[in-house]
Structures are given as structure tokens and as C-alpha cells.
Amino acid sequence: MRTAPTPASRFDAAGRAPQLSAQRLTLRAGSRTLLEDFTHTFYPGEIWCIAGPNGAGKTTLISTLAGLMKSAHGHVEMDGVRLADWPGVELAQRRALMPQSIRDAFSARVLDIVLLNRFPHLTGWGWERDDDRAAAQAALDALGLAPLASRDVLSLSGGERQRVALAAALCQDAPLLLLDEPLAHLDLHHQIDCFETLTHWTTGAHAASRTVILSCHDLNLARRFATHALLMDGNGAAHAGPVRDVLTPALASRAFGYPLVLIEDAGYEALVPAVRGGPASAPKLL
Ligand SMILES: Nc1ncnc2c1ncn2[C@@H]1O[C@H](COP(=O)(O)OP(=O)(O)OP(=O)(O)O)[C@@H](O)[C@H]1O
């Protein structure tokens, strides 16, 4: 989707102020253009799934939206201000990033690892206060991790460590969550728990202030739990919009280079890979 830049102060039809906006963003990796001239505004109350094939540029985009990578062209604004103009601590109070991979270099209790993400809120000598410890405990509770609070982080399984990383991002208490493959290593039950936690996090009293942008390879969970999707093809183009308008058989087949069909049963829908030589309903790739 390539659209003209819009003023950062633009409100949507529901009167919501933009939380994050990409203005004419172009992302490159070596000689490849991953995303070209992309302009889009993200509003509070939305859960965005960034989808696309391996190497399409999902991590690159999330890192750029977080202000950790420079774009080749264009810029990103948060609350109407360019990311580059935000002081570091204030930026960390406004957006939390969960990276794709975490490597722990030392032993530490799970609770203390989660508490590290309270750093943008610490004052004075930098010691955490009761409300910081309460925030860390609440984040662990939200993801069913309270029983692991005293465990050494080095002893966790891959899925447990992934959920602790998500708890740490939640504990940062920033209204914008940028999550790079938060479902990686999680079994189906915990993937759904994770999405339900994020849905709860962005609805109700918080719908006017909180946004989630995550990358995810499971198109069906995205169709069920995300409100919007951004589908990258890795060659510069992207489609952005309501999740069911974007993660369609036609658009997803083209982006992933494999025909997908949408099957429906008892009110449920699923995008599944077409069987080679199977029924003619599978879309032909253009
Ligand atoms: N320094 C670099 N030089 C050249 N290419 C790079 C460099 N860094 C990253 N890339 C390439 O940029 C592309 C986008 O990488 P990115 O990690 O953003 O993709 P992704 O969509 O998140 O992939 P995945 O689904 O595999 O996690 C990849 O093809 C990667 O090899």
C-alpha cells in the first residue's frame, strides 16, 4: 500500500489520535528493497500482525518502528514526534520492544529479569520501588508465570523463556508494544494465552491508549486475534488493513509463493496450503 504522507496530527473517524506512523518509509538490506515508500498510521486499540515470508523484512520493520534501525528513506513518528527527537528514557516509557531472540549471559531470578524492564520508571538512585515489584508480579501473573518467579532464568525452557520476555515487555508499562515473533517456541495453548493476554491488554479501559504490533507466522491465529495485518512480500510492497481484508487466500498466496485456500466449517475459518494437483479452488499465483 503506497499512500501520500499525512499530517502526524490526523485523527481517525473515531477521534483517536495516531500512536505511531510510518512516513514514506523505505527499508533496504544490502541491495534488496524490503519496503518502499510506505506510509501508514497505527491507532490505539489495534493489534497488528506483521506477516510475510522469511527474510521479508518483518524484524527490520519492527526494529525501525522501535527506533533501533535507520530507514533508507522516510521516518517514524510516535505521538506526532519523530523517533529521533525523543529522549531515550521517554521513548522507553512510550514503547516496549521484545526482540526475536534473547541470550542470557548470567544467572538471575525470573522476577529480577522482568524487573529490568522497569528501568524507564526508576528514579533517584535507581532502586526499584514497591510499585515496580507489583508491576513485575502482575506481568508474571498475566502470563501464568508466577510459579517461575524465583527460578533461575538459565533453567527455563525455550517457551518459558519466551513468555518471560513477553512479561518483561508488559512490565515496562509502555502504551506501544512491539513484539518480534512472541509466539515462537510456544505450544498452541500458550500461543492462544499470549494472544488473549494481548487482547485484554488493548481493550476495555485501555483501548484508547494501547497498541500492539507483532510479527507472526501463524496466519490463522492472526486472523482470529489481530485486528489488522501488514503483509510484506519482501520485494518492497506491503498490504495493510483490517486483518481479514489482508490475510486473504489471494494476497497470502502471492506473498508466500504457495497457493492457500480458505476453508470454512461450523463458523470457523482456516487458511490452509492447497494440495498440489488438488481441487481447482486453489488460487493460481500471479
Ligand atoms: N547486513 C545485512 N546485509 C544484507 N542483508 C541483510 C543484512 N541484515 C539483514 N539482511 C537481510 O535482510 C532481510 C530481512 O531480514 P529480517 O530479519 O527483517 O526478515 P524477517 O522477515 O524478520 O525474517 P524471518 O521470518 O526469517 O524472521 C533478510 O533477507 C536478511 O538476510
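Student: How does the lining of the largest pocket divide between nonpolar, polar and charged residues?

Tutor: In this predicted model, the lining of the largest pocket comprises 15 nonpolar, 2 polar and 4 charged residues. Asp, Glu, Lys and Arg count as charged, Ala, Val, Leu, Ile, Met, Phe, Trp, Tyr, Cys and Pro as nonpolar, and the others, Gly among them, as polar. A pocket is an open set of points on a 1 Å grid over the protein atoms alone, where a 1.4 Å probe fits, with protein on both sides within 12 Å along at least five of seven lines, and lining residues have an atom within 4 Å of a point.

Student: How much space lies in this pocket, and which residues lie nearest its centre?

Tutor: The space in the largest pocket is about 320 Å³, a volume being what is filled by probe spheres set on the grid points, which are joined across faces, edges and corners. Of the 21 residues that line the pocket, P99, I102, N117, R161 and A168 lie nearest its centre. Strand β6 (95-98) and helix α5 (158-171) each supply at least two residues of that lining; such elements are DSSP runs numbered from the N terminus, helices being H or I with at least four residues and strands E with at least two.

Student: Which sheet contains β6, and what is the order of its strands?

Tutor: Strands of a sheet pair through backbone hydrogen bonds, either parallel or antiparallel. Here β6 belongs to an open sheet of 6 strands with mixed pairing, in the order β6-β7-β8-β3-β9-β10, where two strands pair if DSSP finds at least two bridges between them. The edge strands, β6 and β10 (238-242), each pair on one side only, and the twist from one strand to the next averages 15°.

Student: In which sense do β6 and β7 pair, and which residue of β7 is the bridge partner of R95?

Tutor: The pairing of β6 with β7 is parallel, over 4 bridges, and R95 has L176 as its bridge partner in β7. Strand β7 (residues 176-179) also pairs with strand β8 (residues 211-215) in the parallel sense, again over 4 bridges, with T211 as the β8 partner of L176 and L214 standing opposite L179.

Student: Are the faces of β7 covered or open, and which helices lie across this part of the sheet?

Tutor: In a regular strand the side chains alternate between the two faces of the sheet. In β7 both faces are covered, with L176 and L178 buried on one side and L177 and L179 buried on the other; buried means under 20% relative accessible area, exposed over 50%, and partly exposed in between, using a 1.4 Å probe and protein chains only. Helix α5 lies across β6 and β7, at about 170° to β6, whereas α6 (residues 188-202) lies across β3 (47-51), β7 and β8, at about 155° to β8. Such angles run from 0 to 180 degrees between N-to-C directions, with axes fitted to C-alpha atoms, for helices over the stretch in contact, and contact means heavy atoms within 4.5 Å.

Student: Are T64 and R224 buried or exposed?

Tutor: T64, in helix α1 (residues 58-65), is buried because its relative accessible area is 4%, and 7 of the 8 residues of α1 are buried as well as counted with it. Beyond four places in sequence, T64 is in contact with L25, L27, M69, S71, V76 and L83. R224, in helix α7 (residues 219-225), counts as exposed because its relative accessibility is 51%.

Student: How are the residues numbered?

Tutor: Residues are numbered from 1 along each chain as its sequence is written. Local features need pLDDT of at least 70 and side-chain atom pairs 80 or more, while totals for chains, interfaces and linings use all residues, and side-chain values use heavy atoms, without hydrogens and water.
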